[in-house]
Amino acid sequence: AAPLVAVALQPWALPLFAEPGVQSYSSAAFAMGVMGRGTELENKVGSEASRRPCCRLELMGLGDTAGYRRLARGLLQQTGDLVSGLNVPNKKPGEPLLEWAQVLREELPGSDLCIHYSLKHQRSRGDPVEAFRRFCTECAALGVHSVLLVTGPRGPARDAVKILEQLGGQHPVPGWLRLGVAFNACLPTEAERAQERERLVRKLQTGIVEEVWLNTGSDTELLVAGAAFARRAAANEGLSVKLFGSVLLPNEGQLKQMNERPWNGVHFSERYLSSLKGMEECTQEVLGAFRDGEVHPIIESKVRNRDDLNALGALLKAGFALDSTPPVAAVSRTRRRWSSGAATVVAGTSSAGDFTQDATQLPGVKIRQDAVDANVLGEALGLKELPRTGWVRAGVQAPESVAAHSWGVAFLATQLCPDHLDRGRVLEMCVIHDLAEVRVGDITPDDGVPPEEKRRRETEAMAMLGVTERTRSLFQEYEAQESQEARFVKFLDRLDMALQADRYERTSNAEGPRNLSKFKSAAKMLAEEHGLLHILPK
């Protein structure tokens, strides 16, 4: 039987972003080491029209070292500009991963290799922390560029999170090997997704993770939100990570497998699973979203021959040329679509015509077209997906987002704002008082960041966001805490925190013996000063 290959597409590598006049590279250049670590050419970015896809290949189903050598001398020599690196998966115990890596280094010198390390399949190697450290060291000695650490389905209790934490923040081979972790953004319930986000935060808090690999799925909103969360969580730890996102190559065999024997932890929509056309359309939409979000797509399907490679090339061409937002009529849940002049929010399954009619019925109202651009509006809405760090660390399941907190503060303002204060300024300040966190993350006192440094980061973030001068001025007024309006909003910020902490305690959403009293103590003191103790929970 022909060898099986899974193709991982890497839009950031050279051929995809080649500038006009810059040479593209064939399989001969691949073999001569063009795919080496951190080449300057990888960073060249051309115009949108000049982007061409290139690929990583995840090698599957080979079984033995001879199969790897045949593949390296055969199909890999025919991949041309599609290939920029190779992934070696760990699918069962006892696989000679290092031996396979050695073969690939011999046949394709300079290739960018990523080796997967499954804790489920490596249980026989002794102490898991020392075994993983030793494996990374051996990989680096072979010239492997990255290792993807996964727990595996129904894996050991000492999972990827615990192994990274037990390394004590010490990278096995710093500077020589990138460490990657998995992240499933498409779990079916918000509670499961919140738990997965917390696991990712714990992985990133070790300070040694450099790559995040998103599981495959068809929900573009969840994937984009997951990628945005991963970037913000990494930035909050002072890390810059590469993001990879999994997609499948649409074909009848793959579709049948996902319907009859779906992979563990993989979730697809009815539209995706209903037909080959639905699978193709969903995959193209995901690729478009990955393109816009700078997530490097990875194809996890079997590729046996040149025809499969051609199908892959056609999929990429279609996906990367597609508007990442699908037609409104095809959307079964809320989506956002951005145009250059103003934000258009498309909800539910309303048709485009119906929405346009509703949106234009604003007699005498002229909406500002020159205040901010689409990118600013889209980035600001990222606060809807950014969980409040304090609740995450307290073990709260499905914690509120920063945007939800800002709404709570604004609602309290509508009920408690004194008549002598400027209500309009107060409400605007409530809405934007945490806006900088969309860039710098939700920094808490437990992070050990000095107040002056926190203020500097947030001030710089607001300057870079591109919001209106009024918004920046209100943010600075809030930070300075000199006006009565600013001090009132700060009080409401603490009050909302106290009310939310009580809600979590009453609904038993906090894990274990923890209580949230520390979140309420500051608000209690402020409430006492203002004679509002009666509105706090007893």
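Predicted model: local features only at pLDDT ≥ 70, side-chain atom pairs only at ≥ 80, totals over all residues.
Biologist: At what angle do the axes of helix 15 and helix 20 cross?

Modeller: Helices (H or I, at least four residues) are DSSP runs numbered from the N terminus. Axes are lines fitted to C-alpha atoms over the stretch in contact, and angles run from 0 to 180 degrees between N-to-C directions. Here the axes of helix 15 (residues 402-416) and helix 20 (residues 484-506) cross at roughly 115° and come within 9 Å. Angles under 35 degrees count as roughly parallel, over 145 as roughly antiparallel, 65 to 115 as roughly perpendicular and the rest as oblique. Helix 15 and helix 20 are therefore roughly perpendicular to each other.

Biologist: Is the crossing of helix 15 and helix 20 left-handed or right-handed?

Modeller: A crossing is left-handed if the near helix is turned anticlockwise from the far one by less than a right angle, and right-handed if clockwise. Helix 15 passes helix 20 in a right-handed crossing. Contact means heavy atoms within 4.5 Å. Helix 15 contributes His405, Gly408, Val409, Leu412, Ala413 and Leu416 to this contact, and the residues from helix 20 include Phe488, Leu492 and Asp496. By class, nine residues of the contact are nonpolar, two polar and two charged; Ala, Val, Leu, Ile, Met, Phe, Trp, Tyr, Cys and Pro count as nonpolar, Asp, Glu, Lys and Arg as charged, and the others, Gly among them, as polar.

Biologist: Is Gly408 buried or exposed?

Modeller: Buried means under 20% relative accessible area, exposed over 50%, and partly exposed in between (1.4 Å probe, protein chains only). Gly408, which lies in helix 15, counts as buried at 8% relative accessibility. Its C-alpha atom is 8.7 Å from that of Leu492, 84 residues apart in sequence.

Biologist: How far apart are the axes of helix 15 and helix 16?

Modeller: The axes of helix 15 and helix 16 (residues 423-432) are 8 Å apart, at an angle of about 165°. That makes helix 15 roughly antiparallel to helix 16. The crossing of these two helices is right-handed. Among the residues that meet are Ser406 and Ala410 in helix 15 and Val426 and Cys430 in helix 16. This contact has seven nonpolar, two polar and one charged residues.

Biologist: How many residues does the largest nonpolar core have?

Modeller: A nonpolar core is a set of buried Ala, Val, Leu, Ile, Met, Phe, Trp, Tyr and Cys residues joined through side-chain atoms within 4.5 Å. The largest has 73 residues, and those with the most contacts inside it are Phe132, Val147, Leu204 and Val212. Setting aside residues up to four places away in sequence, Val212 touches residues including Phe183, Leu200, Leu204 and Phe244. A second, separate core of 34 residues includes Ala410, Val426, Val489 and Phe491.

Biologist: Where is Arg197 placed, and is it buried or exposed?

Modeller: Arg197 is in helix 6 (residues 190-205) and counts as buried at 15% relative accessibility. Beyond its neighbours within four places in sequence, Arg197 is in contact with Phe183, Glu190, Phe229 and Pro387. By contrast, Ala318 in helix 11 (residues 306-321) counts as partly exposed at 29% relative accessibility.

Notes: Residues numbered from 1 in each chain as written. Heavy atoms only, no water.
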